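Subject: Structure for you to look at

Hello,

Here is the structure I promised, with my notes below it. Please open it and follow along as you read.

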Amino acid sequence: MRIRIVDAFTDRPFAGNPAGVLLLDSFPDDAWLQNVAVEVNHAETAFAHRLPGGGDADWALRWFTPAAEVNMCGHATLATAHVLHTTGAHEGPVRFATRSGVLIATPGEDGSITLDFPTAPLTRTEVPDGVATALGAEPLSAFDTGPNVGDLILELADEKTVHALAPDHKALGAFSERGIIATARAEDPSRGYDFVSRCFFPNVGIDEDPVTGSAHTALAPFWAERLGRTGLTGLQASRRSGRVRTELRGDRTLLTGRAVITIEGELLV
């Protein structure tokens, strides 16, 4: 079967967030899926197979990190939609049946893809004791992102603080189900982004995720309330970096980005 490595939320190779993508006839057992994700060793590997016509979804989709299956993944969904469209396996909007319900990916005329995801419910919470030490910065506020995302948003003082973080990844695992989203307002919006973030997910085997679509389903409502606009662009300031355009539509959030296939090969097992 063909296996592809796709850089998502970027328009150039070796940037954005890489994901493995495999199109299957059906899902093998979970142990095989997990072993492939370990072998690929990227933040996520996506597995998809076509569903019978006439249903609510066109393809079934699952996502695995090297350590576990996850409930939601934006960049690997974008990567899968890009593979479907560029290989001719699917035309037009594609509906994915996932752990997080039906997610829709719509191709744009400019080559971008827009994902329709559920908006994360935000609940303000106390800044946990010890998290400042683990993160290496003092948060201004903290918000739980609900079960689908499973992260703790920590608002920091400014963009420079986010860029400078050098956290204790192991220690961060104690503060949420998946990990930590550190974020701040953009210092200079004329650079083309409204807020900045970094995402640390030690509990699923990812010390720092390069670009995280699912996190932006929480960042979109967080920053829309503070900036007074529903359409925003986020810069995820990892080493690889990437940008996610967000549009808040009540209980749904649209995430728009591009993708590039960098490696294509044959899986022999």
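Phe-14 counts as exposed because its relative accessibility is 66%. Exposed means over 50% relative accessible area, buried means under 20%, and partly exposed lies in between (1.4 Å probe, protein chains only). Phe-14 sits in the loop between β1 (2–8) and β2 (17–24). Helices (H or I, at least four residues) and strands (E, at least two) are DSSP runs, numbered from the N terminus. The phi of Phe-14 is near 65 degrees, a positive value in a residue other than glycine. Most residues other than glycine have a negative phi.

A note on the source: this is a predicted model, where local features need pLDDT of at least 70 and side-chain atom pairs count only at pLDDT 80 or more, while totals for chains, interfaces and linings use all residues. Residues are numbered from 1 along each chain as its sequence is written, and side-chain values use heavy atoms, with hydrogens and water left out.

Ser-241 also deserves a look. Its phi is positive, about 70 degrees, although Ser-241 is not a glycine. Ser-241 lies in the loop between β15 (231–236) and β16. With 24% relative accessibility, Ser-241 counts as partly exposed.

Now the spaces. Rolling a probe the size of a water molecule over the atoms shows where empty space is left. The search uses a 1 Å grid over the protein atoms alone. A cavity is a set of points where a 1.4 Å probe fits but cannot get out. A pocket is an open set with protein on both sides within 12 Å along at least five of seven lines. Lining residues have an atom within 4 Å of a point. Grid points are joined across faces, edges and corners, and a volume is the space filled by probe spheres set on the points.

The largest pocket holds about 250 Å³ of space. It is lined by 16 residues, and Phe-9, Thr-10, Asp-11, Gly-242 and Arg-243 are the closest to its centre. Two elements give two or more residues to this lining: β16 (242–249) and β17 (252–257). The largest share, 4 residues, comes from β16. By class, the pocket lining has 3 nonpolar, 7 polar and 6 charged residues. Here Ala, Val, Leu, Ile, Met, Phe, Trp, Tyr, Cys and Pro count as nonpolar, Asp, Glu, Lys and Arg as charged, and the others, Gly among them, as polar.

How many cavities of 30 Å³ or more does the whole structure have? The search finds 1. The largest cavity has a volume of about 60 Å³. Of its 15 lining residues, Glu-44, Cys-73, Arg-178, Asp-209 and Thr-212 lie nearest its centre. At least two lining residues each come from α2 (74–87), β14 (206–209) and α6 (213–227). The cavity lining has 7 nonpolar, 5 polar and 3 charged residues.

Last, helix α6. α6 is mostly covered, with 12 of its 15 residues buried. Ser-214 is in α6, and at 2% relative accessibility Ser-214 counts as buried. The side chain of Ser-214 makes a polar contact (3.0 Å) with the side chain of Arg-178. A polar contact is a pair of N or O atoms within 3.5 Å; within protein, one must be able to donate a hydrogen and the other to accept it, and residues adjacent in sequence count only if both atoms are side-chain atoms. Just after α6, Gly-228 has a positive phi of about 75 degrees.

Best wishes
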